[in-house]
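Colleague: I am new to reading structures. Can you take me through a few features, one at a time?

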Amino acid sequence: MRSLGFVVALAACGGPSGLPPPSPISIKAPPPPPPPPACITPPEDIATITHASGGTASVQYCIGTAVDQCFALELGSGKLTHLTAPPPPQPPALTDGAHVETTNPELKVCTGTGCKTLTPQVWPGAAPLRAATNGTIAVVLLGDAESGRGYADVYDVTKTKKLTTFKYARGDYKCGEVAMLGETIYIGASTCTAPAGRAALYTTKGRKIANVGGKDFGTFGNAFTQVDASTWAFLGENGVHLALQDVVKGKVVKTIELKDLFGAAPMGNPGESAIVRLGEGKLGVIAGSPANGSVAVVDTTSGAVQVVRAPLCH
């Protein structure tokens, strides 16, 4: 009888230990690690800076032809942020101007009020068309450039009338690109086969004003931006010289060296670097290879240069 009573007592207590069953334990997964800091993978081929833009606090740009190589670099902290889409590029001129639409053989000059066709005045079959406008004047490069027989036709857009024609080849520099810097014509000519170029400024009557940057200032890549009403900043083709020039009178106001931008390298790859405005009295030069994405902040008054390094992936 004593054994039976012991068994009954255990059953009444709910189990051998007399405790309720344990509650299930919930195990939460740890949060994912933060993404690694953004860095730039130097392209294996051409690393031209495109879609360049800037402001007082940062610059934005893309590098080379890869779709995932667009970034914003903070000028104060040096923090690099990856962009999911190319930023809108900063226009070279301080004010948005007219533009040329070229769909061969059609050539149109467009302003905010519409477009005007110049096709009947342009030599038929010219391809590719290289043209520029300021809204009232249009310039078209024609002729056999590689043979040194390239020339520029200048038109009055309102009257659709040709004003003048002039040749632009300069020794080995024969293949041209054209832009309008206010009322001044800019023509940058390359060797056609090598990354080297020279540029000159002309009036709308075809008179040469001056060479851009001086006699032997390389301009391959045609990187420039407007500083004030008549002064433009021209970046040398290797990214280590900057010339501030009055495009009306042709006088080079100041030249600034940017040799520290590329670190131990004496210069950058020709034509890869870009220049943007950062704010009043400040310019930004965005480096191509081998300092991909680094920026030289230039004070146009004092000539002081501060380099902000962009982190590269290793």
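Colleague: Which residues does Asp 153 touch, not counting residues up to four places away in sequence?

Modeller: This is a predicted model. Leaving out residues up to four places away in sequence, Asp 153 touches Ala 138, Val 139, Val 140, Leu 142, Lys 162, Thr 164 and Thr 165. Asp 153 itself is found in strand β10, residues 149-156.

Colleague: Is Asp 153 buried or exposed?

Modeller: Buried means under 20% relative accessible area. Asp 153 has 3% relative accessibility, so Asp 153 counts as buried.

Colleague: With which side chain does the side chain of Asp 153 make a polar contact?

Modeller: Look at Tyr 155. The two side chains make a polar contact at 3.4 Å.

Colleague: Now the empty space. How is that found?

Modeller: A probe the size of a water molecule is rolled over the atoms, and this shows where empty space is left. Take the largest pocket here. Its volume is about 960 Å³. Its lining counts 48 residues, and Pro 91, Pro 92, Ala 93, Phe 224 and Trp 232 lie nearest the centre.

Colleague: Which element gives the most to the lining of the largest pocket?

Modeller: Strand β12 does, with 5 residues. By class, the pocket lining has 25 nonpolar, 18 polar and 5 charged residues.

Colleague: How many cavities of 30 Å³ or more does the structure hold?

Modeller: The structure holds 1. The largest cavity has about 40 Å³ of space. Its lining residues include Phe 220, Leu 235, Glu 237 and Ser 273. By class, that lining has 3 nonpolar, 6 polar and 2 charged residues.

Colleague: And aromatic rings? How do I read a pair?

Modeller: Check the distance between centres, then the angle between planes. Planes under 30 degrees apart count as stacked, and over 60 as edge-to-face. The structure holds 5 aromatic pairs. One of them joins Tyr 186 and Phe 234: the centres are 6.0 Å apart and the planes are at 5 degrees, so this pair is stacked. Tyr 186 lies in strand β13 and Phe 234 in strand β17, so the pair ties together parts that are 48 residues apart in sequence. Both residues are buried.

Colleague: What kind of aromatic pair do Phe 224 and Trp 232 form?

Modeller: Edge-to-face, with 65 degrees between the planes and 6.0 Å centre to centre. Phe 224 is buried at 13% relative accessible area, and Trp 232 is buried at 2%.

Colleague: Which residues do ring pairs link into a cluster?

Modeller: Tyr 186, Phe 224, Trp 232 and Phe 234.

Key
Residues numbered from 1 in each chain as written. Predicted model: local features only at pLDDT ≥ 70, side-chain atom pairs only at ≥ 80, totals over all residues. Heavy atoms only, no water. Helix = DSSP H or I, 4+ residues; strand = E, 2+ residues; numbered from the N terminus. Buried < 20%, exposed > 50% of the residue type's maximum accessible area, 1.4 Å probe, protein only. Polar contact = N/O pair within 3.5 Å; in protein donor to acceptor, adjacent residues only side chain to side chain. Contact = heavy atoms within 4.5 Å. 1 Å grid on protein atoms, 1.4 Å probe; cavity = no way out; pocket = protein on both sides within 12 Å on 5 of 7 lines; lining within 4 Å. Points joined across faces, edges and corners; volume = space filled by probe spheres on them. Nonpolar A, V, L, I, M, F, W, Y, C, P; charged D, E, K, R; others polar. Phe/Tyr/Trp six-rings, centres within 6.5 Å; stacked < 30°, edge-to-face > 60°.
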